[in-house]
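Good morning, colleagues. Please look at the model on the screen while I describe one part of its fold and some of its charged side chains.

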Amino acid sequence: MLRWINAVCLALIVTQLTACGVFIVGGMVGGATILADRRTPAVQAIDLGIELEANSQLSRKFGDNAHIVVVSFNQKVLLIGEAKEESIKNQASADVKVMKNVRSLFNEIIIGPNSTFGARASDSYLASRIKSQLVFTADIPSNSMNISVEGGRVYLMGMLSQEEADKAKQIVSKVNGVRQVFAFFDIISEAEKQRLEKEGKARTSQPDTNPTSN
């Protein structure tokens, strides 16, 4: 029982840390954490706006008849969770697809009863373990990925090279508790990867302190 309570507490903390849908890591400059992401700041803001608007809209519309989570990465939108009827699943797709800035949409909603609090806590805990595994794996850009879990099914989004994508899927599939892995990556070339990393380092190399005058 104590282990389950600890898992729930950790899951709640992880949920708060990943509220924007992106797990971001980096170095330290002037005592502040560097937030590295292959998306531009503008696209990150657009993704957050899509998630906030869509999650709010679907929650108001369907209430307890569905538990739908909207995830947006690079303006590709993923719908996961549960809906009590097929018509709700289809309507959710129709509503989100016409929203401003949505580039493409993937509907992975399961037809069935809403997941329990315990199941969601377990999924959050599994997501935290997956993220930790990827953070400490060389050549995996966890800062440019989103990891969502529903019912032990893992959904990966991000901007990765083909080699990175293959390695990420292989690692995630071996984590204990993972039932299935679904990947919705934007595959970029090695040249594009190097360009984005170079730009990211340039952005995060600036000091975070204000200049002082004598």
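Strand β8 (residues 153-161), helix α5 (residues 162-173) and strand β9 (residues 180-188) make a right-handed β-α-β unit. Right-handed means that, with the strands pointing away from the viewer, the path from the first strand over the helix to the second runs clockwise. Helices (H or I, at least four residues) and strands (E, at least two) are DSSP runs, numbered from the N terminus.

This is a predicted model, in which local features need pLDDT of at least 70 and side-chain atom pairs count only at pLDDT 80 or more, while totals for chains, interfaces and linings use all residues. Residues are numbered from 1 along each chain as its sequence is written, and side-chain values use heavy atoms, without hydrogens and water.

β8 and β9 pair in the parallel sense over nine bridges; pairing requires that DSSP finds at least two bridges between two strands. Met159 stands opposite Asp186 in β9.

I turn now to the charges. How many salt bridges does the structure hold? There are 12, each being a side-chain nitrogen of Lys or Arg within 4 Å of a carboxyl oxygen of Asp or Glu.

One of them joins Arg39 to Asp47, with the closest N and O atoms 2.6 Å apart. Both Arg39 and Asp47 are buried (under 20% relative accessible area; exposed is over 50%, partly exposed in between, with a 1.4 Å probe and protein chains only).

In helix α6 (residues 190-204), Arg195 and Glu192 are three residues apart, so about one helical turn separates them. Their salt bridge has its closest N and O atoms 2.7 Å apart. Arg195, at 37% relative accessibility, is partly exposed.
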